[in-house]
Amino acid sequence: MGGGWWRRACHHGPVIPFLLAGLAVLLAWVAPGLMARRKAFRRAPRAALVAWQAVSVGGILAALAAGPAAIPLLLDGDAPTRHLRLVVPAVLVSAVVLGRLLHAGHHVGTRLRRVRADHRQLVDIVARHEERVRILQHPTPTAYCIPGRQSRVVLSQGVLDALPGEQLEAVIAHENAHLRGRHDLLLEFFAVVTQAVPAPLRSSEALDEVRLLVEALADRAAVRRTGEVATARALLTLAGSRAPDAALGVGATAPVRLRLLADGPPGPVLPLIAYSYAALAATLPLVLLGLAWA
Ligand SMILES: [Zn+2]
């Protein structure tokens, strides 16, 4: 019924490249603001992180597909060249987005790895090496991890003095969850995507929210190991601590995370909504691209 109309629109009109460009703006610019306000999803951090990744990947795919989706207009039998005014900008948009992503990826990745390597070297020189952790001779309670292939969990003497055994276990379980889950790669991905977006359109909301979700996820691991009470107490003690640049620490987000610990895990509905949303956001650009070439 509607198939004839759709086919005509796809083959003789610029519908799909425009839809993809609109979808790219929607996913890269509009969706993050709306998602950051849906705070209920923080209770399902794993599902929420999948949704954030899917929206970012979907936005990138939509922008990258706008050019390729316009190409079939040139294969149009009657007057291929009359579409050039659309095809050229669409291809340019995709090329610019790809270029910005590659540039940001190189820039962010190089900087992170250099800062971490320097920091790891310093820790290896000044910190006492114990079985699973490195201890810094410093009275301020601080805990963080240095991710990467030669990862380290770093604690200050202040943490050892301030926290009883079970809470110390919670802190180490939290940091190990970051290292095991490679949360650094997740944060690096979002740092690259954020930097690839032109400055006027850029928002820090996605990166801030993803940082919080990663902390909430690591807190869950600590709860599984030592229970809510020990985790919450350790979090309170470390609440004021600041981790060095490019390391993953316990600090700043403590009040929100304490509330999340008190709320506990959600029922099945929130994760289900988040996963469905993620599937839609990541596949829609590919479906549109497929239709353009169908
Ligand atoms: Zn953490």
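**Close-up 1. The second largest pocket and the helices around it.** Helix 2 (15-37), helix 3 (45-70), helix 4 (84-126) and helix 7 each bring at least two residues to the lining of the second largest pocket; helices here are DSSP runs of H or I with at least four residues, and strands are runs of E with at least two, numbered from the N terminus. This is a predicted model, in which local features need pLDDT of at least 70 and side-chain atom pairs count only at pLDDT 80 or more, while totals for chains, interfaces and linings use all residues. Residues are numbered from 1 along each chain as its sequence is written, and side-chain values use heavy atoms, with hydrogens and water left out. A pocket is an open set of points on a 1 Å grid over the protein atoms alone, with protein on both sides within 12 Å along at least five of seven lines, whereas a cavity is a set where a 1.4 Å probe fits but cannot get out; lining residues have an atom within 4 Å of a point. The volume of this pocket is about 610 Å³, taken as the space filled by probe spheres set on the points, with grid points joined across faces, edges and corners. Of its 28 lining residues, Ala24, Ala28, Val197, Pro198 and Leu201 lie nearest the centre. Helix 2 supplies the largest share, 7 residues. By type, the lining holds 22 nonpolar, 4 polar and 2 charged residues (Ala, Val, Leu, Ile, Met, Phe, Trp, Tyr, Cys and Pro count as nonpolar, Asp, Glu, Lys and Arg as charged, and the others, Gly among them, as polar).

**Close-up 2. The largest cavity.** Val171, His174, Thr231, Ala234 and Leu235 are nearest the centre among the 11 lining residues. Helix 9 (228-238) gives the most to this lining, with 4 residues.

**Close-up 3. Trp52 in the largest nonpolar core.** Leu20, Leu49, Trp52 and Val210 touch the most other members of this 37-residue core. A nonpolar core is a set of buried Ala, Val, Leu, Ile, Met, Phe, Trp, Tyr and Cys residues joined through side-chain atoms within 4.5 Å; buried means under 20% relative accessible area, exposed over 50%, and partly exposed in between, with a 1.4 Å probe and protein chains only. Look around Trp52 and you will find Pro32, Met35, Ala36, Phe190, Ala206, Glu209, Val210 and Leu213 in contact, leaving aside residues up to four places away in sequence (contact means heavy atoms within 4.5 Å).

**Close-up 4. Strand 4 and its two partners.** All 5 of the 5 residues of strand 4 (residues 152-156) are buried, so this strand is largely enclosed by the rest of the structure. Arg152, Val154 and Ser156 cover one side, with Val153 and Leu155 on the other. Strand 2 (residues 134-136) runs parallel to strand 4, joined by 3 bridges (two strands pair if DSSP finds at least two bridges between them), and Leu136 has Ser156 as its bridge partner. Strand 3 (residues 143-146) runs antiparallel to strand 4, through 4 bridges, with Ala143 opposite Leu155. Strands 3 and 4 form a hairpin with 5 residues between them, and Gly148 in the turn has a positive phi of about 125°.

**Close-up 5. Glu188 in helix 7.** Glu188 sits in helix 7 and counts as buried at 9% relative accessibility. Its contacts, beyond residues up to four places away in sequence, are Val108, Gly109, Leu112, Arg113 and Arg116.
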